[in-house]
Amino acid sequence: MKKVFALFLCLVMILSMTACGSKATTETKPANTTDSASSGGQQAAPEVPALKGPGNVTLKRLGYNTAFDPNTDINAKVLEESTGYHVEYFMLPAENADEKLLMDISGGADYDAVNVTINQFRTLVAQGALQPLDDLLEVYGQDILNSGHSEDVWNALRGEDGHIYAVPYMYPADHEIANFMVARKDLCEAAGITEMPTTIDEFYDMLVTLKKFYGDQYIILSGPFYQASEANEAWAIPKTITAAFGIYSDWMVNDEGKVIYMTEHENFPKMVEFMSKLYKEGLIDPDWAVNTEATLKEKFSSGKTIICCGNRGLGDYAMPALMENLKLTWDDIGYISALSGPDGTCKYMETTAFNFVTCIPKSSKNAADVVNWWNLRIKDDLHITIGDEGVHFNYDANGKIDPINPIFAEERGNSYWYLDVTSATWGSELWPARVRKSASQWHAFSAVTVNADTNRIEFVTNEFKFKPATEAYSKYNTTLFNDLKDYLLQVMAGIRTIGDLKTFTSDWTNAGGEEVRAELQAYYDSNK
């Protein structure tokens with residue numbers, strides 16, 4: 001009997017060793033996860049909370065500010081019908097969103113899911129405010145784990161402890177001119193301007209000509225356009241203009257492989273002096289420092305400004321109103337893309353990156369249902385995001401999705417706001433249809449991105465697009481960026497000068513700038 005028992009124990013040990021030695025079979029599944037079954041037999045599932053289930057819980061989801069009510073929009077109903085989960089939606093304010101987010105999360109607000117920028121996510125990770133998702137994804141999120149994302153994507157969503165703390169919502173286009181300017185061609189042509197500028201000198205001449213012709217009848221240039229996402233950061237100086245000075249991000253890598261901050265770029269003083277000159281000469285909006293997305297849309301749609309900083313989203317709200325108010329057509333609208341400097345420099349950062357990420361606060365008591373909700377959503381993404389064949393879209397001769405408007409725009413136009421997690425292929429399969437949801441978006445996208453002059457515009461690799469959360473970056477970078485924005489606005493308005501750059505740099509260092517640089521340099525060196 002003892003021999004039989006001993007043989008039984010040996011068999012158990014062999015089976016156990018075989019199970020532990022097995023490898024995951026799906027390459028796109030993130031590291032640090034395990035298959036539910038292995039060659040040695042069925043493994044025990046991780047210990048995670050049980051589902052309450054659709055219909056038994058109301059989830060609360062926080063997202064960025066938008067112009068419509070997400071609780072009454074038709075897409076909330078579509079999402080509930082598809083997944084069975086009832087969700088209450090909340091928005092961050094248009095202004096001071098970072099501060100409100102951190103205050104709410106640190107105060108234990110009872111959100112179950114928060115949709116945030118990658119930098120906001122890194123800050124929340126550093127504060128220990130989020131729940132790890134590894135085991136929850138393993139049990140309730142297999143479709144998410146197997147949605148095709150690379151290991152780099154998943155690693156970027158880990159904390160320094162190795163755990164996954166968010167799911168990815170990727171930016172859909174790799175090389176989009178996401179920030180541009182919209183111009184009233186009718187007013188430009190009346191002033192003798194027949195072509196949109198492509199260089200910084202032509203742009204300046206355009207502003208001067210418009211000012212001389214119209215005086216104070218119009219605001220010549222309104223901006224900046226703030227919209228939080230990886231491709232549309234809250235820049236005080238539009239990327240349309242920074243491109244001409246070779247500045248494409250707050251953190252860059254120079255030709256020697258050294259990580260530098262924007263203020264250390266050799267053309268930074270010239271860029272700031274250029275913007276200060278525009279302000280002093282009355283060529284840009286005197287309210288530049290206090291403009292919001294809402295005020296820009298109002299100024300442009302009402303005909304108060306000739307040129308307005310924006311992106312594709314500006315058109316959805318402002319363009320129809322502008323055309324209706326002033327009886328304009330598409331022939332009256334022009335676009336100014338990334339500008340070139342006197343030496344031909346035109347650098348624009350690629351848009352391969354996270355658009356947003358979605359995570360679960362530690363305070364949530366419904367984490368299992370949140371992950372299940374995400375998983376159900378990604379399984380039915382075509383219906384939720386695009387609609388139903390024959391109703392909202394058809395397939396063209398090439399097998400591509402061709403939206404049927406106006407019903408596609410009316411019933412799926414706002415579905416982008418509800419996106420929490422996307423597959424690796426959604427940008428190539430689903431998103432091209434979404435950009436056709438309105439004439440305004442497609443007109444701008446076609447003019448600025450589809451027909452972009454890639455011989456003139458240099459798309460620069462974002463070296464840090466998949467950098468994992470690290471302590472100093474998470475702790476200091478948002479403050480550093482906001483301080484930079486304030487400094488730029490103060491110099492433009494004449495409150496400070498470029499001569500104060502030395503003081504700014506000293507303050508920047510004291511605020512953790514060098515610690516962040518050290519982390520970025522180490523990451524870059526280990527990945528080059």
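Guide: Let's start with accessibility: a residue is buried under 20% relative accessible area, exposed over 50% and partly exposed in between (1.4 Å probe, protein chains only). This is a predicted model, in which local features need pLDDT of at least 70 and side-chain atom pairs count only at pLDDT 80 or more, while totals for chains, interfaces and linings use all residues. Residues are numbered from 1 along each chain as its sequence is written, and side-chain values use heavy atoms, with hydrogens and water left out.

Visitor: How many helices and strands does the protein have?

Guide: Helices (H or I, at least four residues) and strands (E, at least two) are DSSP runs, numbered from the N terminus. Here they come to 22 helices and 17 strands. Of the protein's 528 residues, 54% are buried. Contact means heavy atoms within 4.5 Å. Among contacts between residues at least 6 apart in sequence, 76% join residues at least 24 apart.

Visitor: Which residues of helix 3 are buried?

Guide: Helix 3 spans residues 97-106, and its buried residues are Leu101, Asp104 and Ile105. Looking down the axis of helix 3, these fall within an arc of 90 degrees, so they line one face of the helix. That arc is taken from the directions from the helix axis to the C-beta atoms. Met103 and Ser106 are exposed on the face of helix 3 turned away from the buried side. The buried residues of helix 3 pack against strand 3 (58-63), strand 5 (113-116) and helix 4 (118-126). Just after helix 3 comes Gly108, with a positive phi of about 80 degrees.

Visitor: What covers the buried residues of helix 21?

Guide: First, the residues themselves: in helix 21 (residues 501-510), Leu501, Phe504 and Trp508 are buried. They fall within an arc of 55 degrees seen down the axis of helix 21, so they too line one face of the helix. Their cover includes strand 9 (251-253), strand 10 (259-261), helix 11 (268-280), helix 20 and helix 22. On the face of helix 21 turned away from its buried side, Lys502 and Asn510 are exposed. Gly512 follows helix 21 and has a positive phi, near 100 degrees.

Visitor: At what angle do helix 20 and helix 22 pack?

Guide: Axes are lines fitted to C-alpha atoms, for helices over the stretch in contact, and angles run from 0 to 180 degrees between N-to-C directions. Helix 20 (residues 471-492) and helix 22 (residues 513-527) meet at about 130 degrees, with axes 9 Å apart. They are therefore oblique to each other: angles under 35 degrees count as roughly parallel, over 145 as roughly antiparallel, 65 to 115 as roughly perpendicular and the rest as oblique. Helix 20 contributes Glu471, Ala472, Tyr473, Tyr476, Asn477 and Leu480 to the contact, and helix 22 contributes Gly513, Glu515, Val516, Glu519 and Leu520. By class, the contact has six nonpolar, two polar and three charged residues. Ala, Val, Leu, Ile, Met, Phe, Trp, Tyr, Cys and Pro count as nonpolar, Asp, Glu, Lys and Arg as charged, and the others, Gly among them, as polar.

Visitor: And Gln490: which residues does Gln490 touch, not counting those up to four places away in sequence?

Guide: Gln490 touches Ile495 and Arg496 on that count. Gln490 belongs to helix 20, and its 26% relative accessibility makes it partly exposed. From C-alpha to C-alpha, Gln490 is 8.2 Å from Ala289, though the two are 201 residues apart in sequence.

Visitor: Is Asn96 buried or exposed?

Guide: Asn96 is exposed, with a relative accessible area of 54%. Asn96 is not a glycine, yet its phi is positive, at about 55 degrees. Its loop runs between strand 4 (86-91) and helix 3. Lys327 also has a positive phi of about 55 degrees without being a glycine. Lys327 is in the loop between helix 13 (312-326) and strand 12 (333-336), and is exposed at 67% relative accessible area.
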